[in-house]
Each structure stands twice: as structure tokens, then as C-alpha cells.
Amino acid sequence: MLDAHVVKRRASFTVDVRLRANAGEACGLFGASGAGKSTILACIAGVETPDAGHVVIDGLRVFAPSLPLYRRNAGYLTQDADLFPHLSVAENVLFGLAADSRSEPETSRWIAELRDRLGIDAIWSAPAGAISGGQARRVALARMLARKPVLVLLDEPFAGLDRPLVRDLLRAIAAWQRALGFTLIVVDHQADVLERLCPRTVVIEEGRTVQDAGWAQLRSAPATPLLADLLRPL
Amino acid sequence: MILRLAAALFALALLYPLAGLFVPVGAWRWDRSATLGAVEVSLGLTAIAMGVVVLAGTPMAVYIARVSPRERFLWQGLLLVSVLLPPLALGILISLAFGPHALGAVLARLGLRMTNTPLAFVVTQIYVSIGYYVLGAVAALDAVPRPLEVQAGLLGQNAWRVFYRVTFPLARLGFAVSLSLAWVRALTEFGAVVVTAYYPAGMPVAIWTSLENFGLPAVMPLLVLFLAVSLPLPWLVQVFAQRGPSRA
């Protein structure tokens, strides 16, 4: 479903990673800060352009050549909610839906589920610029999932949120991933966050894959001392 | 309190030239047809010029706002030339460049004259104002966070829809301010227009010829009308723009 080979020069090293994920699979990208995880995700999303390699999403080659963002059936969420401040919460969530599809019963049910499950009902008509950071993150998640993308890319979307909210969002995302069957790629440097979402994780160090395994194996036989250190409790 | 008083004195000094409207200059002479004709020429042709400025300047501004810093430096430098040229010099250069020994010969074959015609008036206004509009519009576009446009693209919107639904609503006040500056620049232009289009006489040229031919009593009604039609629109836009961040 996702077949990517991302080559991207950075200041101190070159990211060169191959990543494959099947339809409906959840895969984590784990590593220390600055290892190149976010670069890989940004290149897959199309926010950054790789220097070489290829990216194929659901059978569609989106790089190279680079397809415009709107042709990629992917959702991309970072720790910045990036809501449209001139629109209401409702207009933000519905932003990516075609006008004629908004009134379809299935879409209405799905939007109602997002509103209810993410607790954004009370702020539905509020201006997006007037809500809290935690609320904005939930609205951004709803906006991304409203279109039901086949590929969901999460780049540390829970950074800075309180633990109960993170736990709640993780449960919601995991449930929707199972129900909708989208492929999920998650970047985080917190192992416990990734472990809740992704049975399989690719470990990145200085732009290279050092291990691709399940959490049990990562913990029992970490491939590098740095990985062992990252997995050690505080 | 002292600072407020100082600010009031500053504003008073700034607006003091308007006191000239109340200086006795003799009985005002109102030439209705000449005055209204000048207003009509100025407003009508400036509106046409602004249409061209927006249609040609907006895509240029979008392009400049998206290119690399090095390329942007080049384009902005070129635009500044048109902004910084002294109006009289610009008028003479336009007359020469569009004159019979240059592009004017080609235009003449098409039946277009570039001296003392509405076309010459509009073209001159475009030249004197478009640089202000584009540079202002680039600044307005710069103020729109790029990640918002990226998100709109990822949500399935093509480039045009991203501009229409995200970029423009967030930059619209900046665009309005840029357009109001261009409007004032074009409407009040005298130095360049008096060279290229003495006829049809717009308000600035009409004021000048009235002053030369009939003195201050003939100028004053024209002056009042000039202020009344040229100031409100850009003034309102500027005041509205100062009120707070844009929200659509």
C-alpha cells in the first residue's frame, strides 16, 4: 500500500530509508530527535521533496515526479494544528469534503461520530482561532480523518498534550484505524505512545534504518546502544 | 496626559494644511461642466487602471511570494524601479518609449495613440501605481502561514482553491490596503500624467490648469471635490485594516 524510498540530504547526514507498509498496517518510526523521522514523513506527505527515491501510495506514484499535494490521498498531522483561523471549527472539519458529499447520510454519520468521539461538539460553531491548543489538536485530527484518507501520517501529534487526552486520542485513532482500515505511519520519540498504536516499528538513526521489528524484539534485542538507551525507563 | 497632548499637537500639525480650505481667496467660481468632467475622467479611468493593476499585479505578487529568496530579490528590485522613478521622469520616459520612434509606431498602426488619449492616461496610471500594489500584495501574502496552505493542499484543494479559500481570505486586508495605496497613487498622479495625457484632463491636471488660468477662486471647488472623492475609500480601508488581524 505504501512503498517509499526516501533519499534526502540534511545538514549533517543524508536520510536514506526504505519503508513499506501494507493496507491497514500501523507502522511506527522511532528514534532520537533529529534522526530524520520527520523528514521521511514530510517527504511521503509531499510537504518536502526528496532528492531521490520514490513514493507510491495505494498504487499511485506520487514521487518521482512529484504529484501536487491535492492528488495524494493522505492525511498528515503534526504537533501544529494549523487550523484555518478565519473559519469556524465546523468549517475546518468539513474543509476537505466536497460540498455535495457533506449532506450524504454516511458522511453526516461519520462527521457526527468524529464530533462526538473527539469532544468537539461544544465548540462546533466557535471560531478556530478562539479555541485552546488541546481542542485545536482534536479539531485538526477530525479535519484530517473527515476525508477518510487511505494513508494517515502522524508526526508527534500528541506532543505537549496532557496524558489523559493523549490516552483518549490514542484509543480513538486505534479504533478508527481498525474500523476504516487506513494505513498508519506514526513518528514519535516516546516509545509508549508508539507502542499503543503500532505493533511494528522502524528505528531510524542518522537517517538510516537500524532495526525493523515488533516491540518485544526491540526491547529484548535492540540493534544499537542508542536504541537500548532510548527504550530504557527514565 | 502630556503624551496625549503631544500626539494631539502632532495630528493637528499634520492636518493643518487642510485649514487652507478656509482661507479667504475671494468668491469661489464653480465651473460645473469642467469640474464634473474632470471627476468623471479621474474616477472612470482610474477604476479601469485599477482593474488592470489587480488582474496583472495579483498573479505577479503570488509568483514573487512563492519563489526563492534570490529570485524574489531580483523581482522586487525591478518593481522598486517603477516605484522610485520621479513621476515627471516616468512621464517623459513613457512618452518616449510609447512615442512614434518606438512602440508608438506599432500602436499607431493598430489605431492606438499614446499621447493625450484615455489610453495614455490609463497606461500612465498603471505604471505609477502597479509597483505599490504588487509590493504590498507580496507583503500581504508573506503574512499567510505557509503550513496552512500546505494543509489545504493535503485536504484535496488544488492551487486555485487554496488561494481562494485560504490565502486570499487571510491576506484580503493586506490586498485592500495595497489597492487603496495604488488607487491614491494613480488618482492623485500629476507629474507623469501631465506629460502623457494633458487631455483628457483628470482632477490633478484640471486643478493645475484652473490655477494657472483663473486663480484660486476657480481651484477651490475643484480641490474640495478632489478631496471628497479621492480620500474616503483609501481612508476607510486603512482605518479598517488598523482595527485588528484579518478574519474572513
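This is a predicted model: local features need pLDDT of at least 70, side-chain atom pairs count only at pLDDT 80 or more; totals for chains, interfaces and linings use all residues.
**Exercise 1. In what order do the strands of the 6-stranded open sheet of chain A run, and which strands stand at its edges?**

Solution. 
Step 1. Read the order: the 6 strands of this open sheet in chain A are arranged 6-7-8-3-9-10. The pairing is mixed.
Step 2. Find the edges. Strand 6 and strand 10 (208-214) of chain A each have a single partner strand, so one side of each lacks a neighbour in the sheet.

**Exercise 2. In which sense, parallel or antiparallel, does strand 9 of chain A pair with strand 3 of chain A, and in which with strand 10 of chain A?**

Solution. 
Step 1. Take strand 3 (residues 26-30) of chain A. Its pairing with strand 9 (residues 200-205) of chain A is parallel and runs over 4 bridges.
Step 2. Pick a residue pair here: Val202(A), in strand 9 of chain A, stands opposite Leu29(A).
Step 3. Turn to strand 10 of chain A. Strand 9 of chain A pairs with this strand in the antiparallel sense, over 6 bridges.
Step 4. Follow Val202(A) across. Its bridge partner in strand 10 of chain A is Asp212(A).
Step 5. Look at the hairpin that joins strand 9 and strand 10 of chain A. There are 2 residues between the strands, and Glu206(A) takes a positive phi near 45°.

**Exercise 3. Why does Leu141(A) count as buried?**

Solution. 
Step 1. Apply the cut-off. A residue is buried if 20 or more other C-beta atoms lie within 10 Å of its own. Leu141(A) has 25 C-beta neighbours inside 10 Å, so this residue counts as buried.
Step 2. List the contacts. With neighbours within four places in sequence left aside, Leu141(A) touches Leu77(A), Leu118(A) and Leu169(A).
Step 3. Compare sequence with space. Tyr76(A) is 65 residues from Leu141(A) in sequence, yet their C-alpha atoms are 9.1 Å apart.

**Exercise 4. How many helices and how many strands does chain B have?**

Solution. 
Step 1. Count the elements: chain B has 12 helices and 0 strands.
Step 2. Take the extent. The C-alpha trace of chain B spans about 65 × 65 × 30 Å along its principal axes.
Step 3. Check burial and contact range. Of the 248 residues in chain B, 35% are buried. Among contacts in chain B with a separation of 6 or more, 79% link residues 24 or more positions apart.
Step 4. Check the confidence. Chain B has a mean pLDDT of 90, and 97% of its residues reach 70 or more.

**Exercise 5. At what angle do the axes of helix 2 and helix 6 of chain B cross?**

Solution. 
Step 1. Identify the pair: helix 2 (residues 32-66) and helix 6 (residues 118-142) of chain B.
Step 2. Read the geometry. The two axes come within 7 Å and cross at roughly 35°.
Step 3. Assign the hand: the crossing of helix 2 and helix 6 of chain B is right-handed.
Step 4. Classify the residues of this contact: 21 are nonpolar, 5 polar and 1 charged.

Technical notes:
Residues are numbered from 1 along each chain as its sequence is written. Chains are lettered from A and ligands numbered from 1 in the order in which they are written. Axes are lines fitted to C-alpha atoms, for helices over the stretch in contact, and angles run from 0 to 180 degrees between N-to-C directions. A crossing is left-handed if the near helix is turned anticlockwise from the far one by less than a right angle, and right-handed if clockwise. Ala, Val, Leu, Ile, Met, Phe, Trp, Tyr, Cys and Pro count as nonpolar, Asp, Glu, Lys and Arg as charged, and the others, Gly among them, as polar. pLDDT is the predictor's confidence in each residue, from 0 to 100. A residue is buried if 20 or more other C-beta atoms lie within 10 Å of its own, exposed if 12 or fewer, and partly exposed in between; C-beta atoms are placed from the backbone. Two residues are in contact if their C-beta atoms, placed from the backbone, lie within 7 Å. Two strands pair if DSSP finds at least two bridges between them.
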